[in-house]
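Colleague: Could you walk me through the charged pairs in this one? I would like to go through them one at a time.

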Amino acid sequence: MSLYNIVVSSNESTVVAEYATQYNHSGSYQSEAELENEFIRLLQTQGYEYLRIHNEAALITNLRKQLELLNSYTFLDEEWNRFFKECIASSNEGIVEKTRKIQTDHVQILKRDDGSTKNIYLIDKKNIHNNRLQLINQYEESEGAHDTRYDVTILANGLPLLHAELKRRGVAIREAFNQIKRYQRNSFWAASGLFEYVQIFIISNGTHTKYYSNTTRYSHVKEAGEGERIRSKKTSNSFEFTSYWADGNNVAIADLVDFTKTFMAKHALLNVLTKYCVFTSEDTLLVMRPYQIAATERILSRIEISHNYKKTGTLEAGGYIWHTTGSGKTLTSFKTAQIASALPYIDKVLFVVDRKDLDYQTMKEYDRFQKGAANSNTSTRILHKQLEDNTSHIIITTIQKLDVFVSKNKGHEVFKKHVVIIFDECHRSQFGEMHSKIVKSFKHYHLFGFTGTPIFAANAGSGGNPLLSTTPQAFGDKLHTYTIVDAINDGNVLPFRIDYINTVKMKDGMKDKNVSAIDTEKALADSGRIRAVVSYILEHFDQKTKRNSYYSLEGQRVAGFNSILAVSSITVAKKYYTELKKQLEEQSRKLNVATIFSYSANEADPDDVFIDEDFDTNSLDKSSRDFLESAIADYNADFNVNYDTSSDKFQNYFKDLSLRMKKREVDLLVVVNMFLTGFDATTLNTLWVDKNLKQHGLVQAFSRTNRILNSVKTYGNIVCFRDLQEKTDEAIALFGDKDAGSIVLLKSYEAYYDGYDENGKHHPGYSELIDEIRQSFPLGQAIIGEQNQKDFIRLFGAILRLKNILTAFDSFPGNEILSIRDFQDYQSVYIDLYQELTKDKNDDKEIINDDIVFEIELIRQVEINIDYILMLVAKYHASNCEDKNILVSINKAIGSSIQLRSKKELIENFIETVNSYTKVDEDWRRFVREQKETDLEELISEEKLKQAETKSFINNSFRDGSLKTTGTDIDKILPPVSRFGGGREVKKQNVIEKLMKFFEKYLGLV
């Protein structure tokens, strides 16, 4: 190959550094068709080839042609048919397998007719511009559950890899998301299933445009039960996890025209598809966000430029990334390490964490991103081996192990190698002697730091090396910034809501605007005060952690969230744990409480950085170790496990505890420093604070609570038993910006209850909205006309959203204005309208009205369950079946619950059987069991279904919590029906509807 055949080569950035909109809107009405035509025209000007393909035969013909061009090979007809059936459209493969083909197995093996084999590339990841991008629209799919027509699809080498669903301006963008969800349920799998190759979805209403990965949409549908309508809880795979594209300054590029010019630029889209997606070991596709891509590319650019200019081993060869806690730094660092380790001149990438617990967690995350991609080490000896092993390209280690290796192996060969060293959470601990030792030993290094809370002059300590006291001094230039304000604005993390609880009574006549708290730890550790704080925590625990709210977590129905109590010292942790256990026992209440701490050389807590609490239990004083042993024994009894404070078992205790926190099995964890940095649990929503915090220590600790989970969790709850208001304001100003407070912190109770003005606009409060709904829509009067119905839906939706926030304020109980019964009546009307407007017609028209969004997940979180109804039935029984008012309450409660409506007839029939001899709980269970058997026998007989197969199918559905209406399971229970003339499909659809009704009726009861 000639060395001179490249005329121009450019590494174009995927994320533009700064984007100024160049689009002038005409201001006239734009229909959906006009928006689609404008999108197509723009893509054509950017080099996409437009094809008039509207059916599968033409799609497959084009796919063959494109793969032949990419691979410079012409298929024989037999070869193509075999390759298509086995490697592209195998009937045994779905979204997961097809995603793996694009992301990791993109080279498929063709068995030729002469017996030889040839590699066939589906996509070229090395030279991205060898891939051809084409564009089709209004593709028709007639083999799904309903006839469907898709908006705009992008083909890469003939395979549909990106799909855009458009709505006209003014329509809620969520509608496009819902439409794609319906396509997945009804048609993407149809025919040869080529649309299951789509990797990225784009949704737009012209004004707002977002993107998300196929598994965001697929998992959302799966968790909603693939047709089962009960458990469609919002989860981490729901609309909340769609992303805006942005420029390098984190300014969102929302308009479709601007989005098309940036994200859809051919080099940008191909980079995202081939480089910036990660298919995890959990079969989830993660598409990196723009700030993650920008940071990765800036590090890679810095490596390349400093290598070319021979700057390795200096500050100019590195830099730091300021990405706020919770914004996915580990994914960014993984992708950076992965791409950097593949550079021909880089020998090793070292990923250095500053604590053992982070070492374990990072390894788990890296393993999730790609099994075996990185090597971790439990000892310096293993690290030594890995550094000498040429096959270990990415190594995860702690700064302590690296320090020991450097000290003991002066002049080692590895110090001459070309290495990239990435420090995670580059806080104060790296600015000391260890940092100096490491950079003195390695000769050809690039040093990068990731941090959510950099050290600046304003928050630098006075001790240590004055030349290494700030992040820029230790790592060099700031390469990219994504602050907590950016993350909250983008919806990538949640804001905080802070309560300051007065823990010391003031004498009469003394007034203090600040929350009073006594300075000395001794007074704060007083047993009387700890008793009062524990009493407050237990009294408000259900309210703060939203224990009356239900959602689905990994297929399980879970109530509310869990919490951490951060305290000032081991002595205080022991007091709190003992008091919590004591009060819970006195109240005969069951909460899983755990604690964890270990020896730390410096007991004096510096507030702003958490001292290195290692897994060292040997150095604890005897009473502390004995106490920890006894707390772990409690944990063993709670969860039937076997841990203790010995070295290995204590590390395993940490791992098990961390896992149970993430699964919400532990309700309250008492800590000193552990778990306050680097620990991510989406189910954690409350931090109780009884320790001094400031600057980056404060932001790190608070940020444990603000991971996104679902629409029930709208903020991180911080309950302070010390006066941290000033410190909080300072920290947010430092790590956000001067205006950050209004974004990062939720408003006051009064603002949400009474309303507030902001930027010249009035935001009505809860009390104003209740007044409005009472005046405009009095109970008992029908809501006539479509516009009135929409107004009611919007108004009640706004009330539901505000009520969801207000329930965490102590002042709200007793100030709900509406009685429980009135609220249920309004909720019944809301659900009636929801069911009427979302009724599935048997055509492909839009199911949900374009311009309204139902807050159904907020209805479900306060779902009235069957236990509540049985309690009312027991009350009715206790009144000798005479108190008819209770029957009215039962009726209203059922009407206000989506879940119980399908069970209405069942409950009413049971109530008719209640007499003075009834044992409510026992008789209810027997009644349900017998009724279920009767209903199922009737259904089988009516539809002539196969008895054994149907019963097995139904039992499995109740076991899994979802009724699968796609796949072959449903076919196995049908009676013989001719496949011709469409009769079988009609029969199947009819059976599905009846099974669904039966399933919804008994779900949660058997």
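**Salt bridges in the model**

Modeller: Bear in mind that this is a predicted model; in it, Arg64, Glu68 and Asp77 are joined in a network of salt bridges.

Colleague: How many salt bridges does the structure hold?

Modeller: The structure holds 33 salt bridges. One of them is formed by the side chains of aspartate 680 and arginine 707, with an N to O distance of 2.6 Å.

Colleague: Where do aspartate 680 and arginine 707 lie?

Modeller: Aspartate 680 is in the loop between β24 (668-671) and β25 (684-690), while arginine 707 is in the loop between α22 (695-702) and β26 (716-720), so the pair ties together parts that are 27 residues apart in sequence.

Colleague: And is arginine 707 buried or exposed?

Modeller: Arginine 707 is buried, at a relative accessible area of 7%, whereas aspartate 680 is partly exposed, at 37%.

Colleague: Which residue forms a salt bridge with glutamate 937?

Modeller: That is lysine 951, with the closest N and O atoms 2.8 Å apart. Glutamate 937 sits in helix α34 and lysine 951 in helix α35 (residues 947-960), 14 residues apart.

Colleague: How accessible are glutamate 937 and lysine 951?

Modeller: Glutamate 937 counts as partly exposed at 33% relative accessibility, and lysine 951 is also partly exposed, with a relative accessible area of 25%.

Technical notes: Residues are numbered from 1 along each chain as its sequence is written. This is a predicted model: local features need pLDDT of at least 70, side-chain atom pairs count only at pLDDT 80 or more; totals for chains, interfaces and linings use all residues. Side-chain values use heavy atoms; hydrogens and water are left out. A salt bridge is a side-chain nitrogen of Lys or Arg within 4 Å of a carboxyl oxygen of Asp or Glu. Helices (H or I, at least four residues) and strands (E, at least two) are DSSP runs, numbered from the N terminus. Buried means under 20% relative accessible area, exposed over 50%, partly exposed in between (1.4 Å probe, protein chains only).
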